[in-house]
Amino acid sequence: MYGYEWTEDYGIFRLSINSKVEKEIRPVFKEELDFFGLDAYWHYPDTTAPLLWAEGIRRYMLNGDCVAEAKGGGFYSKPQVKVYKNGLKLQEIDIDVLYKTNEVTMKGLEQKAISFIREMYEEYKKKGYAFAVAFSGGKDSLILLDLVSNALSPDEFYVIFSNTGMELESTILSVERAKKHWNNLNFYEAECHLSPIQTWDEFGFPGRRMRWCCAVHKSAPTILKLREITQNYDVQAVVFDGVRSEESVARSQYAEVSVGAKNINQVNCSPILKWGTAEVYTYLLKHEILFNDAYRIGLFRVGCKICPMSSSWWDGIANSKYPLEMEDLFQKIEKYAENTKPAKERKQFIEEGGWKARMGGRGLPNGGNRIIETISGDNLIFQFTQTKQQWLAVAPILGSIIEKFENTGVQLIDRQEFAFTIEEKEGLTVSYAPFSRMNRYVLSHLRGVANKVAFCVGCKACMVQCSFGAFVIKDDGAIYIREDKCKHCNNCILFTRGKGCLVAKSLSTTQGGNTMDLKGMNRYQHFGFRKGWLEHYFQNKGDCFTMGQLGTRQYDALKVWVKESGLMTAANKGEKSGSPTALCEKLEPIGPFNPFTWAVIWANLAYHSTIVKWYMLKVPAGETYEKSDLVFMLGDDYSPSTRDNAVTALLETLRHSPIGANLKQGIPVTVGKSYKFIKQGWETPDAIAILYALYLWAEATGRYTLTLAQLEQARENDASIGMDPVVIFGLNPAAFKDILQELALHYDKYIRVSFVADLDNVRLFPEISSLDIIDIVAE
């Protein structure tokens with residue numbers, strides 16, 4: 001990705017790795033200037049060529065000078081342009097000069113991309129893979145298609161346009177233009193068998209954290225189309241896509257080659273991953289393949305007409321320019337606002353994009369939980385308030401049913417036998433036993449089957465996860481498992497990351513703050529726990545609160561943080577602050593800049609800070625979050641200011657302490673003037689910090705001898721009693737197991753494990769306290 005610097009030629013920039021300017025840039029055409037009424041301020045020719053550039057979407061630039069800037073915008077309001085220089089006489093930008101100025105750089109990028117495409121083809125062709133270009137009709141896929149057509153012959157790949165049914169008409173026209181331009185290529189169209197209206201009704205509208213739409217309307221139809229084209233059910237495919245790092249925080253983490261990220265049989269290759277928009281538009285304009293007219297009125301990215309990832313710029317232009325195309329889906333957003341917000345707040349809620357943070361089914365006509373899960377004796381029981389599928393049709397995913405008599409039977413799951421009973425009196429009730437032998441995987445997989453039974457509408461997103469032809473959605477939407485083909489790999493459950501069904505993930509209300517008591521979450525005056533503040537406290541202890549280096553409210557927040565971190569006792573009556581604890585005395589020599597210190601603090605906050613505990617329990621790792629996402633996920637039981645302040649304090653802690661970037665509990669990434677946070681989970685944890693957290697769990701639960709299966713069950717059913725290291729630090733359970741093995745090898749005085757039945761027993765020692773673990777580091 002190159003920066004750019006302006007030259008003396010009109011509208012011409014030079015790509016440079018040394019440039020200080022690395023903003024996204026786009027060409028501005030006559031259509032956009034007319035749309036915003038800028039013909040009243042500037043003079044410009046009637047031309048198809050670009051007339052100037054816009055930086056960062058909204059700032060209109062003429063050779064480095066900002067001559068106008070757009071402000072505002074939303075579904076109900078068109079962005080307004082403030083003109084800084086009146087009376088300008090604009091002229092056509094000479095594309096030949098632009099390309100000539102950057103020819104060496106562009107040729108290098110093009111050849112590198114073409115070579116990459118060819119190398120991927122040669123590598124995977126030997127393995128029997130098919131090849132496809134994921135085509136959307138947008139700018140990046142137009143470049144991608146041109147590059148692939150230069151690298152491969154027409155008979156070596158397919159072009160698949162995933163028609164979501166939610167594209168603007170300009171995108172459909174772009175696809176038709178592309179077909180004429182590359183008339184020697186094999187174009188195919190993939191489309192979900194369910195319409196957008198149907199899926200929005202069944203799933204609820206998409207949200208930033210709930211983007212079921214990509215799987216249902218893009219990925220699954222593309223894979224099904226490839227199976228149809230190749231007549232091969234388990235076809236393995238290399239899909240060339242136009243993903244670019246510059247587009248989002250999440251995509252900045254992508255690799256050029258991603259195996260199994262979208263589908264188990266799919267390899268995604270991104271030839272233009274490192275291209276910036278300056279390079280993209282230079283290529284498009286030179287080769288005259290910017291076929292989508294939506295870019296000519298100012299849209300920066302072109303996708304579905306209503307998208308939770310869209311900007312206010314998109315919303316303001318799209319709804320002003322294409323109101324009739326937007327109407328059918330937009331009405332569903334308005335209906336949701338009617339169901340969830342007071343009348344005076346609805347317009348602002350939609351205008352400011354509050355709807356995009358939807359998590360769960362609250363406020364949706366068919367939203368809410370459909371399963372009541374209980375444990376009675378040694379039985380796991382599912383009671384259904386609504387069903388979409390038959391239990392015995394779905395259950396074979398997990399294993400063979402080896403006995404069946406009337407409403408009872410025995411099923412083999414994970415090489416163990418479980419007895420089940422099915423009753424259909426006033427609704428479906430299913431029970432499995434013995435619960436005591438269910439490990440984490442059996443339990444989560446049974447829940448996945450239950451969610452499919454309760455919610456599945458036959459969207460086929462699960463179907464493409466099966467490479468054996470075992471999982472089938474019949475024409476009537478019913479699930480059918482070909483038991484002779486099923487390998488019980490559970491991919492059709494696991495791909496949803498926890499729920500087993502995309503509809504269940506979208507509509508259930510188990511996520512969010514209203515499933516736990518959040519009283520006291522806003523104790524910090526919106527201030528986070530900062531590394532400098534901890535240093536201040538370590539150096540001065542209780543005296544720091546009268547030194548005046550911080551404001552009064554900041555000191556009030558610091559008192560709460562150090563108390564909840566276990567570093568200070570509660571203040572006695574008449575005292576301004578408590579006393580330093582033994583933990584504080586042990587951590588002070590280790591220091592405020594050592595990540596181990598903050599790992600210990602984070603572990604203690606798991607038990608004493610409401611907002612931190614909620615973050616650990618309710619915010620899944622492996623995702624990127626904005627502040628508004630977390631505020632929304634807290635639910636509506638508390639005022640907006642209370643939720644906002646609590647989340648601000650949490651995120652400020654992640655930003656200003658090693659907890660965020662070093663422990664990877666919320667890596668802060670700058671996005672304009674704000675931040676997004678990647679909750680990655682601690683990938684290389686300090687083993688002693690893990691041992692410390694494990695002893696905290698033992699002290700909270702009173703259990704010093706345990707099995708990993710028991711720990712997993714406690715994590716699933718009542719993690720609020722004892723917060724184990726996997727929950728606290730977002731660990732991979734397999735990595736946690738390896739850490740326990742390593743600890744037992746080197747610190748058998750503190751922990752022992754038994755390798756019977758694959759590390760079945762973990763033993764801690766009641767005479768040892770969590771405080772004693774700190775001494776290992778001190779020593």
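Contact is defined here as heavy atoms within 4.5 Å. By this criterion, and not counting residues up to four places away in sequence, Trp-602 touches Val-612, Tyr-615, Met-616, Leu-650, Leu-654, Ile-659, Leu-663, Gln-665, Ile-728 and Phe-729. The model is predicted, and local features need pLDDT of at least 70, side-chain atom pairs count only at pLDDT 80 or more, and totals for chains, interfaces and linings use all residues. Residues are numbered from 1 along each chain as its sequence is written, and side-chain values use heavy atoms, with hydrogens and water left out.

Trp-602 belongs to the largest nonpolar core, which has 252 residues; Phe-240, Trp-391, Trp-602 and Phe-729 touch the most other members. A nonpolar core is a set of buried Ala, Val, Leu, Ile, Met, Phe, Trp, Tyr and Cys residues joined through side-chain atoms within 4.5 Å, where buried means under 20% relative accessible area (1.4 Å probe, protein chains only). Helix 24 (residues 687-701) gives the most to this core, with 11 residues. A second, separate core of eight residues includes Ala-130, Ile-160, Ala-190 and Val-235. In soluble globular proteins, nonpolar side chains tend to be buried together.

Helices (H or I, at least four residues) and strands (E, at least two) are DSSP runs, numbered from the N terminus; two strands pair if DSSP finds at least two bridges between them. Strand 11 (residues 237-240) is joined by four bridges to strand 8 (residues 130-135), in parallel, with Ala-130 opposite Ala-237. Four bridges also join strand 11 to strand 13 (residues 266-269), again in parallel, and Val-239 has Asn-268 as its bridge partner there. Both faces of strand 11 are covered, with Ala-237 and Val-239 buried on one side and Val-238 and Phe-240 on the other.

An open, antiparallel sheet of six strands has the order 14-15-19-18-17-16. Its edge strands, strand 14 (371-376) and strand 16 (401-405), each pair on one side only. Within this sheet, six bridges join strand 17 (residues 408-413) to strand 18 (residues 416-424), and Thr-408 stands opposite Thr-421. Helix 13 (residues 440-455) packs on the sheet, touching strands 14, 15, 17, 18 and 19. Of the 16 residues of helix 13, 13 are buried. Asn-439 caps the N-terminal end of helix 13, with a side-chain oxygen 2.9 Å from the backbone nitrogen of Tyr-441.

Notes:
Axes are lines fitted to C-alpha atoms, for helices over the stretch in contact, and angles run from 0 to 180 degrees between N-to-C directions. Buried means under 20% relative accessible area, exposed over 50%, partly exposed in between (1.4 Å probe, protein chains only). A polar contact is a pair of N or O atoms within 3.5 Å; within protein, one must be able to donate a hydrogen and the other to accept it, and residues adjacent in sequence count only if both atoms are side-chain atoms.
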